[in-house]
Amino acid sequence: MHQPAHRFDPLSRLLCQRAWIATALRGVLANPGARPPGIDGVTKSHRSSEEAKSTLIQAMGQELRDRSFRPSPVRRLSLPKSHGTQRPLGIATRKDRVVQMGLKMVLEPLWESDVLNGSNGFRPGRRPLDCLARLDRYSNERHTYCWVMEGDLPAAFDRLQQTTLHPLLAQRRADQRLLAVLDRCRKAGMMQGELLIRTEIGTPQGAIGSPVLANIYLPQLDRYGWTPYGSLDRKVKERRRPASQGPCALIRDADDGLLLTHGSKQEA
C-alpha cells in the first residue's frame, strides 16, 4: 500500500555494509560509461583485480563509517550535440561513482512509488518508447486528446535548486548521515582544466546519482498539473466538456515533456 507520508528509518548504515559497496562497485564497473577517468586518472582497469576491489571496498566502508569520506571534484567534459550546442558532463572519480551508486540503490526504491505514471525518464523498467505508447493511447479515436504542446526544461540538471531538493529528501526521512554524504557529492565542485568551479546549484549531468535526484525534484511539476487536471473525476469532466474545458495529461521523459488536452484550441 502506497504511503506517501511514511518516513523511513535511518538508512546510512546500508552504505557502510561490505556487500552493499561490493554490489555498487559491480554496477559501476559493468556500466559502459565507466571508462573515462575522473580527476585522479584512475581507469576501469585499475579496479579490475579482485585484490584491488577488496582493498577499495574495505577503505570505502571505513571512510563512510567514520564520516571521513570526502568526494573529489568532478572532471567537466563537453560533448557536441546534434544541433551544434555542447552537452556538459561531469565525470566523477571511480571511488565517488561507487558511493553515488550506493546512494542510488538506497534512494531510488523510496521515491519510485511517488512518481506519477506519466513520467518515464530514468525509471527502472521504463524507456522513451513508453512515452510514445502513452501518446498513442491518448490520441486514438476513443480518447481524442487533439492538442499537444511540446516543451523542455533548459539545462534542468544544471539549474536544479539544492535548497528545494533537500526538504524533498527529508520528507522521506533519509537520515542526516545519508543526507550529509549526498550533500558532499553535490557540492564537491567541478574541475574545468585547472579551474575549480563551485557547484552551489545543479547536479552534474552524467553523474550516477543525478537521474535519481531529478526524479525526486521534477515530479513536483507533475503534481502541480495533476491537482487541477489529472485528478478530475468523471462527473467533473462531464460538466467541463460543454465549456470546451477538457482534461489534460502530461507525458514526461526527464526534462522533455508533452502536455495534451481534450479541450479546445483556446483551452490549449
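Hi everyone, let's start with Arg 94, which sits in helix α4. Keep in mind as we go that this is a predicted model.

What is the nearest side chain of opposite charge to Arg 94? That would be Asp 40, at 7.0 Å. A salt bridge here needs a side-chain nitrogen within 4 Å of a carboxyl oxygen, so Arg 94, although buried, has no salt bridge. The side chain of Arg 94 does reach a backbone oxygen, though: that of Val 42, at 3.3 Å.

Now for the charged residues that do pair up. How many salt bridges are there by this rule? The count comes to five, and I'll walk you through some of them.

Please look at Lys 95, which meets Glu 63 in a salt bridge, with 2.7 Å from N to O. Glu 63 belongs to helix α3, residues 50-65, while Lys 95 is in helix α4, so this pair ties together parts that are 32 residues apart in sequence. Lys 95 is partly exposed, with a relative accessible area of 22%.

Next comes Arg 123 with Glu 112, whose closest N and O atoms are 2.6 Å apart in a salt bridge. This pair links distant parts of the chain, eleven residues apart: Glu 112 is in helix α4, and Arg 123 is in the loop between α4 and α5. Are these two buried or partly exposed? Arg 123 counts as buried, at 9% relative accessibility, whereas Glu 112 counts as partly exposed, at 23%.

My last pair is Arg 186 and Asp 183, whose side chains form a salt bridge at 2.9 Å, N to O. Both lie in helix α7, residues 176-186, and being three residues apart, they are separated by about one helical turn. Arg 186 is buried, with a relative accessible area of 4%, and Asp 183 counts as buried too, at 17%.

Let me finish with the backbone. Most residues other than glycine have a negative phi. With that in mind, have a look at Phe 122, whose phi is positive, near 60 degrees. Where is Phe 122? You'll find Phe 122 in the loop between α4 (94-112) and α5 (128-138). At 41% relative accessibility, Phe 122 counts as partly exposed.

Ala 254 also has a positive phi, of about 60 degrees, although it is not a glycine. Ala 254 is in a loop as well, the one between β6 (248-253) and β7 (256-261). Ala 254 is buried, with a relative accessible area of 8%.

Methods. Residues are numbered from 1 along each chain as its sequence is written. This is a predicted model: local features need pLDDT of at least 70, side-chain atom pairs count only at pLDDT 80 or more; totals for chains, interfaces and linings use all residues. Side-chain values use heavy atoms; hydrogens and water are left out. Helices (H or I, at least four residues) and strands (E, at least two) are DSSP runs, numbered from the N terminus. Buried means under 20% relative accessible area, exposed over 50%, partly exposed in between (1.4 Å probe, protein chains only). Lys and Arg count as positive and Asp and Glu as negative; His and the chain ends are not counted. A polar contact is a pair of N or O atoms within 3.5 Å; within protein, one must be able to donate a hydrogen and the other to accept it, and residues adjacent in sequence count only if both atoms are side-chain atoms.
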